[in-house]
Amino acid sequence: MARALSQDLRDRVISAVDGGMSCRGAAAHFGVSASSAIRWRQLALEHGCAVAKQRGGDRHSGKIVECPH
């Protein structure tokens, strides 16, 4: 699995888009995919910043059902 791109890169892409560059143009300039630039911009508009989601952790405990006794 690929690692998450740095927060600094995300911020630079978003700043470029805010400065008037298109998402696709900023993606090409910084060497990231256009879909990532578009998604980061959307996250920044909705939540104020484009922070990476937490990775790893326990994915199975939600499947365990407690005994009703």
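**Chat: the core and the helix contacts**

Student: How many residues are in the largest nonpolar core, and which have the most contacts inside it?
Tutor: The largest nonpolar core has 13 residues, and those with the most contacts inside it are Val 13, Ile 14, Ala 26, Val 32, Ala 37 and Trp 40. Keep in mind that this is a predicted model.

Student: OK, and which helices supply at least two residues of this core?
Tutor: Helix 1, helix 2 and helix 3, which spans 34-47, each do. The largest share comes from helix 1, with 5 residues. As a general point, nonpolar side chains in soluble globular proteins tend to be buried together.

Student: Let's stay with Ile 14. What is Ile 14 in contact with, leaving aside neighbours within four places in sequence?
Tutor: Trp 40, Arg 41, Ala 44 and Ala 50. Trp 40 is also one of the residues with the most contacts inside the core.

Student: Zooming out, how many helices and strands does the chain have?
Tutor: There are 3 helices and 0 strands, so from the N terminus the order is simply α-α-α, going by how elements are assigned from DSSP runs.

Student: And what share of the protein chain is buried?
Tutor: Buried residues come to 22% of the 69 in the chain. As for contacts between residues at least 6 apart in sequence, 45% of them join residues at least 24 apart.

Student: Back to the helices. At what angle do the axes of helix 1 and helix 2 cross?
Tutor: Roughly 140 degrees, and the axes come within 9 Å. Helix 1 is therefore oblique to helix 2, because the cut-off for roughly antiparallel is over 145.

Student: Left-handed or right-handed crossing?
Tutor: Helix 1 passes helix 2 in a right-handed crossing.

Student: Which residues meet there?
Tutor: From helix 1 you have Leu 9, Arg 12, Val 13, Ala 16 and Val 17, and they meet Cys 23, Ala 26 and Phe 30 of helix 2. By class, that contact has 7 nonpolar residues, no polar ones and 1 charged. Val 13 and Ala 26 turn up again among the core residues with the most contacts.

Student: New topic: where is Arg 3 found?
Tutor: Arg 3 is in the segment before helix 1.

Student: Is Arg 3 buried or exposed?
Tutor: Exposed, because its relative accessibility is 70% and the cut-off for exposed is over 50%.

Student: How far is the C-alpha of Arg 3 from that of Arg 55?
Tutor: The two C-alpha atoms are separated by 9.1 Å, with Arg 3 and Arg 55 lying 52 residues apart along the chain.

Conventions: Residues are numbered from 1 along each chain as its sequence is written. This is a predicted model: local features need pLDDT of at least 70, side-chain atom pairs count only at pLDDT 80 or more; totals for chains, interfaces and linings use all residues. Side-chain values use heavy atoms; hydrogens and water are left out. Axes are lines fitted to C-alpha atoms, for helices over the stretch in contact, and angles run from 0 to 180 degrees between N-to-C directions. Helices (H or I, at least four residues) and strands (E, at least two) are DSSP runs, numbered from the N terminus. Angles under 35 degrees count as roughly parallel, over 145 as roughly antiparallel, 65 to 115 as roughly perpendicular and the rest as oblique. A crossing is left-handed if the near helix is turned anticlockwise from the far one by less than a right angle, and right-handed if clockwise. Contact means heavy atoms within 4.5 Å. Ala, Val, Leu, Ile, Met, Phe, Trp, Tyr, Cys and Pro count as nonpolar, Asp, Glu, Lys and Arg as charged, and the others, Gly among them, as polar. A nonpolar core is a set of buried Ala, Val, Leu, Ile, Met, Phe, Trp, Tyr and Cys residues joined through side-chain atoms within 4.5 Å. Buried means under 20% relative accessible area, exposed over 50%, partly exposed in between (1.4 Å probe, protein chains only).
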